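Visitor: I would like to learn how to read the features of a helical model. Please take me through them in turn.

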Amino acid sequence: MAFFRPRVSREAEVRYHADQEISKSYPELLEKARQAEQTLRELRAAAVDEIELLAAGREFDRTLTDALRAAEAGQRATFGVKAYDNRIARRKAKATPDGSMWTAEVDRLRTLREDNRMWGIPRVPRPVPASH
C-alpha cells in the first residue's frame, strides 16, 4: 500500500543546500564582527575624532550584517528542507532545541546591529558646499 507523500520543490532543495554552504562560514564571520566591535570600542576609549568612529561603526555594521545573513541561513538550514515550502513545518522546527538556539542567535545579532545603527555610528554633519 503506497501513501501519498508530497515532495518538496526543487527550488526548496536548492535553497536548502545553498543555506547549508553559507552557514558554514558563520563562525569566522562572527569572529570578524567581534574584532570590528573591539576596534570600535578601543577607538571610543581613545576618544578619536568622529570620522574615524564613523568608519569603524560602518565596518562593524557591515561585519554584523554578514554574520547575521550566515546565521539566518543556518537557521533556515536547521529547520529543514520542508520548512522552505511549509509554514507549519517552519513553526514546528522553531520549537526544537536547535531551532530555538538559532532563532535566539538571529534575534541577538539583529538587536546588536540595530543598537549599533542607532547609537554606535556617529552622525557627522555633511560639509556645506561654498557658494560663490
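Predicted model: local features only at pLDDT ≥ 70, side-chain atom pairs only at ≥ 80, totals over all residues.

Visitor: What follows α2, and what follows α3?

Guide: After α2 comes A47, with a positive phi near 55 degrees. After α3 comes G80, and its phi is also positive, near 100 degrees.

Visitor: Which residues of α2 are buried, and where do they lie when seen down the axis?

Guide: The general idea is that an α-helix has 3.6 residues a turn, so residues three or four places apart point the same way. In α2, the buried residues are Y26, L29, L30, A33, A36, L40 and L43. Seen down the axis of α2, they fall within an arc of 140 degrees, so they line one face of the helix. P27, R41 and A45, on the other side of α2, are exposed.

Visitor: What do the buried residues of α2 pack against?

Guide: They pack against α1, α3 and α5.

Visitor: Which residues touch the most other members of the largest nonpolar core?

Guide: In soluble globular proteins, nonpolar side chains tend to be buried together. Here the largest nonpolar core has 18 residues, and Y26, L40, F60, L64, A71 and L109 touch the most other members. The elements giving two or more residues to this core are α2, α3 and α5. The most comes from α3, with eight residues.

Visitor: What is F60 in contact with, leaving aside its neighbours within four places in sequence?

Guide: F60 is in contact with A33, A36, E37, L40, L112 and N116, once those neighbours are left aside. A second, separate core has five residues, V8, Y16, A77 and Y84 among them.

Visitor: How many aromatic pairs does the structure hold?

Guide: A pair of aromatic rings is described by the distance of the centres and the angle of the planes. The structure holds two such pairs. One is formed by Y16 and Y84: the centres are 6.4 Å apart, and with 80 degrees between the planes the pair is edge-to-face. Y16 lies in helix α1 (residues 10–23) and Y84 in the loop between α3 and α4, so the pair ties together parts that are 68 residues apart in sequence.

Visitor: Are Y16 and Y84 buried or exposed?

Guide: Both Y16 and Y84 are buried. The pair of Y26 and W102 is edge-to-face too, at 5.4 Å centre to centre and 65 degrees between the planes. This pair links distant parts of the chain, with Y26 in helix α2 and W102 in helix α5, 76 residues apart. Y26 has a relative accessible area of 9% and is buried. W102, at 15% relative accessibility, also counts as buried.

Visitor: Now polar side chains. What does the side chain of T103 make a polar contact with?

Guide: The partner is the side chain of Q75, at 2.9 Å. T103 is found in helix α5, and at 17% relative accessibility it counts as buried. Apart from neighbours within four places in sequence, T103 is in contact with Q75, F79 and K94.

Visitor: Which residues does G99 touch, not counting those up to four places away in sequence?

Guide: G99 touches T78, F79, A93 and K94 on that count. G99 is in helix α5 and counts as buried at 0% relative accessibility. Its C-alpha atom is separated by 6.6 Å from that of Q75, 24 residues apart along the chain.

Visitor: Does E13 count as buried or exposed?

Guide: At 18% relative accessibility, E13 counts as buried, since the cut-off is under 20%. E13 has its place in helix α1, and a polar contact of 3.2 Å joins its side chain to that of R7. Setting aside neighbours within four places in sequence, E13 is in contact with R7, V8 and V81.

Technical notes. Residues numbered from 1 in each chain as written. Heavy atoms only, no water. Phe/Tyr/Trp six-rings, centres within 6.5 Å; stacked < 30°, edge-to-face > 60°. Helix = DSSP H or I, 4+ residues; strand = E, 2+ residues; numbered from the N terminus. Buried < 20%, exposed > 50% of the residue type's maximum accessible area, 1.4 Å probe, protein only. Core = buried A, V, L, I, M, F, W, Y, C linked by side-chain atoms within 4.5 Å. Contact = heavy atoms within 4.5 Å. Polar contact = N/O pair within 3.5 Å; in protein donor to acceptor, adjacent residues only side chain to side chain. Arc of directions from axis to C-beta.
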